[in-house]
Every structure is written in C-alpha cells, then in structure tokens.
Amino acid sequence: MFLWGTATASYQIEGAVDEDGRGPSIWDTFSHEPGRTRDGHTGDVACDHYHRWPEDVALMAEAGLSAYRFSIAWPRILPSGRGTANPAGLDFYDRLVDALCEKGITPVPTLFHWDLPQALEDEGGWLNRDISGYFADYVAVVAERLSDRVRTWITLNEPFVHMVYGYGLGMHAPGRMLFLDALPVAHHQLLGHGLAVQALRAGGAERVMISNNCTPVWPASDSPEDLAAADAYDTLHNRLFNDPILTGAYPDLSVYGQPELDFVRTGDLEIIAQPLDGLGINYYNPTRITRPGEPAPGSGGLPFEFAAITDYPTTAFGWPVVPDGLRELLESLKATYGPALPPIYITENGCSYDGIDDQERIAYLDGHIAAVRAAEGVDVRGYFVWSLLDNFEWAEGYHQRFGLVHVDFETQKRTPKASYYWLKDLISSQSPEARSTEAQSAEKAQSTET
C-alpha cells in the first residue's frame, strides 16, 4: 500500500519542554542563547502538541492520511540520554501510537530528529563515539514499548544537515563551528544508525530505514573546475551518507583532506551497512555549485562554492521551486546504486508560504507528486508532506509556515488551509474504492464506444 502522510518533529511541535520528567535537549539550550534564533524564538510551547495531540490526530484522520511520520524526543525517554527510562515519556508516545492505530493511520516514528539530550552533548555529542551506543540503547527501550504496534521505523533524520548546520557551521544546535573537523559526526551518526537497526531487528521491527536529505547537484558551467566542484559537493551532501549504508564503503574524501578516515574502526562499515527495508528521501530543491574562491578564515578551504539558482519561482523561504529536481534525484539514485537501492519513501517534501488560501503550496505539492510519478524505474512507496502543522522552524523560529494546517501560536487554534483540503481530495481519489469506480467508468465508456 502506498503511504500518504505528513511529517513533524518533536521539538518543533510538542512544547512542554519541562513537563513529566523530560530532560533538556540541545535545542532547549541553543534556542535560549541570545542571537541563535530569529527574534529569540524557542520551542518551549511550539504547537503544544504534547497536550493537543488528540486534535491533531483527528485532523490527520479527517484528511484521510494513511501514515504519520513523527519523531520521538530522546530526552523525554531518557532525560540524561542514558540510564533509567522515564515512564511518563514512554506513556505519551504509547497513547499517540494507540490513537493513530485506532484511526487506521500507520505510525512511522523517527528516533532522532536533532534534539539530542544536553547531558550527552556535554560529553561531546556526536563527536563522542560512545554516543552511537547510547543511541542504540535508547532505541531498544522505545522498541520494547512500541514495537507490538509500530511496524515501520526511521533511525535518523538528515544526518548531513545535523552535521553541517549543528557542528560545522554553528547555525543549528549545538552551535559548534568546526568546519571540516565535524566529519567524525557523520561517522558516529551512521554507526549509531547501524547499531539502532540491530536493536530494532532484535525488538521485532518489520521495516527499518533512515531519512537522508538529498539534492541534485548542478554545476554552474561545463568547465572542468565547476564540474569538479559539483562532484566534491555531491560527495559531501549525498554520497557521504548514502554510500556507507548502501555499499558498505565511504566515498573518496581526499578532496577534503581526508584520504584516510582515522575515526573508522574495523567492523564499523559492516554495522552501518545493515540491510534496510526502505530509504527515506527528504527533498526540497537542487543545489548549484561553482569553483571555490578565496576560503573563509578558519574554514579550511572548501572545494566548492554555492551559486544561486535563478529562473525559477521561490518559496517564502527563498528556496527555488524545481519539481523536476525530485524526478532527477530519484532517477540518479537508481542509476548510482542499482539493485542495492531499497524502496524509496519521500519522507519530507514541502514549502513555506503564508496565508490560509495557499494556492502556491497546492501547485508545489501537485508538481512534486507528478515528479515522483514521472521517475522511471524507481520503486517509491510513500509520500510525506512537510508538515502537518505550522511549527517552530529551527533557527527561523515561527517565521516560516510549512503546515497544511495554520497554527495561531498565541491561541493554538488550528485552521486547515486550502492545501489540506486539496491533499484530502487527492488521497480520496487514490483510494482503492475510487480507483475501482474509475476503472468501471472507463470500461463502460470503452464498451459504449465499441
């Protein structure tokens, strides 16, 4: 069955950051530091989903969604990142999963969506190899509680973005600016993924995957320098996180001064390359790359620079709207990995626009769903819109509205947008009953013609 769903993340919607035994996360710390987020916004309340989840599940059911991708807050389950589990945290997700199942909505939890317990960051965060094992221990606790009802799991969300924005450039929590010295974060996340896959299998999981943020990489010109720069960026953004999982080997990182990855130990890649039942792909737009100029002080000299993508409309976030880029990406993944590529789930795709009558969002979603259908030879089994609700959009605070449902952050009133009703109608038209009716009508028309 094809999954039609929406996606959210714990810190972006839950609020209740100091209730029922939840420990602080790196985003609690980061968002309260002056200058870290736009207008000083925090996720302290967010969408108050922790208290209003029944209303949000009802909205999903009304839309006819067949799946809901949410994330579990590690600091709700293990407030210090390890040790004794917090019963109230497990109870919250237990109730949520029960409610989804009662409505016929497949729960698809993501086990890490960037809200690392602050206590573990104090021990080095993802720079500390031990965190990989702590992650697997946490995953085992969650699986023991929920695996009797949860069949599909996602280990990590966008490890590339967490490494680059969180540890490389300091734009996200935990706010470190290590540039290329952040590369061990990639390996430790991937090692944690592999260990988590083992823990989930041991707990009876039926389907396990990871969600990687991927982008088509466009060279600014056909010059050898721009082509080399684009290849270097593709290696960092796409292949660094897909190759080890799908091929059991890292790509050549010598262009980044890393001909030998001294943080990789014997046996690590075998753990990372655990067989998967799906690959989650988060897509927003292509990336145009040109040859590097003068390196920024302290950056170590990246072998590429970003170039603007013009001649396309943009979202309220300023991101180019290129639906065909999703088709290009899917077909390139198939060409690169061939039989090693598992079934694909589009685990995030969406856009920021203001207003309730959000016709731009409808056009965006319509174009990208058409691009999925146009991808030749690619087994795509699900599409999740980012996001169900307007929410805390990381460093942008509450200024970017990605939701199918408008949220008034002062009153917490939910108002479905035009795009919500459009998606509801689309899903209804894709139901087996609707397809059966369409087939009967087509047969009847053909019979009349003959």
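The legends below describe close-up views of a predicted model. Residues are numbered from 1 along each chain as its sequence is written, and side-chain values use heavy atoms, with hydrogens and water left out. Local features need pLDDT of at least 70 and side-chain atom pairs count only at pLDDT 80 or more, while totals for chains, interfaces and linings use all residues.

**View A. The largest nonpolar core has 140 residues.** A nonpolar core is a set of buried Ala, Val, Leu, Ile, Met, Phe, Trp, Tyr and Cys residues joined through side-chain atoms within 4.5 Å. Buried means under 20% relative accessible area, exposed over 50%, and partly exposed in between (1.4 Å probe, protein chains only). Trp-74, Phe-135, Tyr-138 and Met-163 have the most contacts inside this core. Helix H10 (residues 224-247) supplies the largest share, 9 residues; helices (H or I, at least four residues) and strands (E, at least two) are DSSP runs numbered from the N terminus.

**View B. Surroundings of Met-163.** Leaving aside residues up to four places away in sequence, Met-163 touches Gly-168, Ala-182, Leu-183, Val-185, Ala-186, Gln-189, Leu-236, Leu-240 and Phe-241. Contact here means heavy atoms within 4.5 Å.

**View C. The aromatic pair of Trp-4 and Tyr-383.** Rings of Phe, Tyr and Trp (its six-membered ring) pair if their centres lie within 6.5 Å; planes under 30 degrees apart count as stacked, over 60 as edge-to-face and the rest as tilted. By this rule the count comes to 34 aromatic pairs. The ring centres of Trp-4 and Tyr-383 are 6.1 Å apart and their planes stand at 65°, so the pair is edge-to-face. Because Trp-4 lies in strand S1 (residues 3-7) and Tyr-383 in strand S11 (residues 380-386), the pair ties together parts that are 379 residues apart in sequence. Trp-4 is buried at a relative accessible area of 9%, and Tyr-383 is buried at 2%.

**View D. The aromatic pair of Trp-27 and Phe-392.** This pair is edge-to-face, with 6.1 Å from centre to centre and 80° between the planes. Trp-27 is buried at 0% relative accessibility, and Phe-392 is buried with a relative accessible area of 0%. Ring pairs link Tyr-11, Trp-27, Phe-30, Trp-114, Phe-392, Trp-394, Tyr-398 and Phe-409 into a cluster.

**View E. An open sheet of 3 strands.** The strand order is S6-S8-S9, with mixed pairing; two strands pair if DSSP finds at least two bridges between them. Strand S6 (217-219) and strand S9 (305-307) are the edge strands, each pairing on one side only. Strand S8 (residues 287-290) pairs with S9 in the antiparallel sense over 3 bridges. Arg-288 stands opposite Ala-307 in S9.
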